Amino acid sequence: MSPLGFLRATAAQNHAVLLDGDDATARFSVQPPLPSGAPSPEYKLVIKTIGQSVTAAEIDPTLLPEFCPERHINPGGTFCLYWAEAEDGDIVDEDTANLWWGKLLLFLRHQRTAGKLREWPGQGDARAHGNAARYQAQAEQEADVLGQTLRQALRDNRLTTKKRKSGRIGLYLNGKRLLSVFLKERRVMTLRQRCKCAEAEQRRLPIVDCDDHGAAIVRLVLAMEAWKSAEAEFSKTFKSLAYKCCGTMDNCPLAASLTDPVKEAA
């Protein structure tokens with residue numbers, strides 16, 4: 001059975017109604033239930049098979065913007081439902097079809113919230129744009145090695161980096177420098193300082209003797225710096241292509257301000 005075949009078979013139990021279509025393209029009406037029990041908007045979507053996965057978009061963009069990186073809507077209107085760097089989006093049976101429907105329903109509920117709050121709900125779970133997502137995945141993986149403190153700080157955007165002209169990259173927690181990494185040598189500048197892992201206070205070990213944490217710190221810092229650069233490149237690319245900011249989200253990378261959106265190409 002095709003991915004759309006599995007989606008058709010599981011649509012009714014996932015608040016979706018098939019309007020028409022075949023194994024290549026189908027249209028559905030979807031009404032995600034709201035926690036409040038209030039009536040849900042009806043989203044009319046077109047879903048297309050791409051290999052073992054699918055894409056989804058509004059048939060006509062009426063309830064959602066045509067494109068908005070902050071609302072995880074790609075150029076062309078398709079939805080960014082899962083993180084390809086860490087999740088498998090293939091639909092190969094009814095179980096994976098139900099998982100896909102679950103991601104879609106959550107995505108649509110988040111859209112309703114984002115439209116009201118002008119920010120994506122659960123920013124700690126937000127995914128970076130474009131190629132930056134790969135570096136975000138790497139940074140989160142290394143932060144996991146170092147423990148909950150740095151992992152949570154990374155999620156809360158309290159862990160930052162700053163590149164120096166001297167060839168060093170500083171790692172900062174809540175604006176206070178924790179350590180520096182030599183970019184060229186790819187090592188922590190002072191290996192004899194106390195490790196920054198979650199068990200540092202109990203173990204009282206310097207970075208050089210604390211498991212493989214010195215290498216994990218370097219990989220974390222480099223991934224964070226690459227993540228930041230890739231996000232900037234993403235914004236630069238779409239600005240150069242003259243995509244228009246939809247104006248529905250604060251701090252959109254496509255607009256210098258919400259009162260001065262990027263102009264559409266003529």
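## A friendly note on this predicted model

1. **Cysteines C252 and C245.** The closest cysteine sulfur to that of C252 belongs to C245, and the gap is 3.9 Å, so the two are too far apart for a bond. A disulfide would need the sulfur atoms within 2.5 Å. C252 has 8% relative accessibility and therefore counts as buried.

2. Searching the whole structure turns up zero disulfides.

3. The average pLDDT for the protein is 88, and 91% of the residues score at least 70. The stretch to read with care is residues 257-266, where the pLDDT is below 50. In the model, this stretch has 18 contacts beyond near neighbours in sequence.

4. **Helices α1 and α2.** Two packed helices are described by the angle between their axes and the distance between the axes. Helix α1 covers residues 3-10 and helix α2 covers residues 94-117; their axes come within 9 Å and cross at roughly 75 degrees. That angle makes α1 roughly perpendicular to α2. On the α1 side, F6, L7, A9 and T10 make the contact, while α2 brings E94, A97, N98, W100 and W101. Sorted by class, the contact has six nonpolar residues, two polar and one charged.

5. **K103, a residue of α2.** While you are looking at helix α2, find K103, which sits in it. Is K103 buried or partly exposed? Its relative accessibility is 27%, so K103 counts as partly exposed. Setting aside neighbours within four places in sequence, K103 is in contact with L81, Y82 and E87. Of these, Y82 is 21 residues away from K103 in sequence, with 7.3 Å between their C-alpha atoms.

6. **L45, in strand β3.** Strand β3 spans residues 43-50 and includes L45. L45 counts as buried because its relative accessibility is 0%. Which residues does L45 contact, leaving aside neighbours within four places in sequence? They are A26, R27, F28, V30, A57, E58, I59, F79, L104 and L108. A153, by comparison, is 108 residues from L45 in sequence and 37 Å from it in space, C-alpha to C-alpha.

Methods
Residues are numbered from 1 along each chain as its sequence is written. This is a predicted model: local features need pLDDT of at least 70, side-chain atom pairs count only at pLDDT 80 or more; totals for chains, interfaces and linings use all residues. Side-chain values use heavy atoms; hydrogens and water are left out. Axes are lines fitted to C-alpha atoms, for helices over the stretch in contact, and angles run from 0 to 180 degrees between N-to-C directions. Helices (H or I, at least four residues) and strands (E, at least two) are DSSP runs, numbered from the N terminus. Angles under 35 degrees count as roughly parallel, over 145 as roughly antiparallel, 65 to 115 as roughly perpendicular and the rest as oblique. Contact means heavy atoms within 4.5 Å. Ala, Val, Leu, Ile, Met, Phe, Trp, Tyr, Cys and Pro count as nonpolar, Asp, Glu, Lys and Arg as charged, and the others, Gly among them, as polar. pLDDT is the predictor's confidence in each residue, from 0 to 100. Buried means under 20% relative accessible area, exposed over 50%, partly exposed in between (1.4 Å probe, protein chains only).
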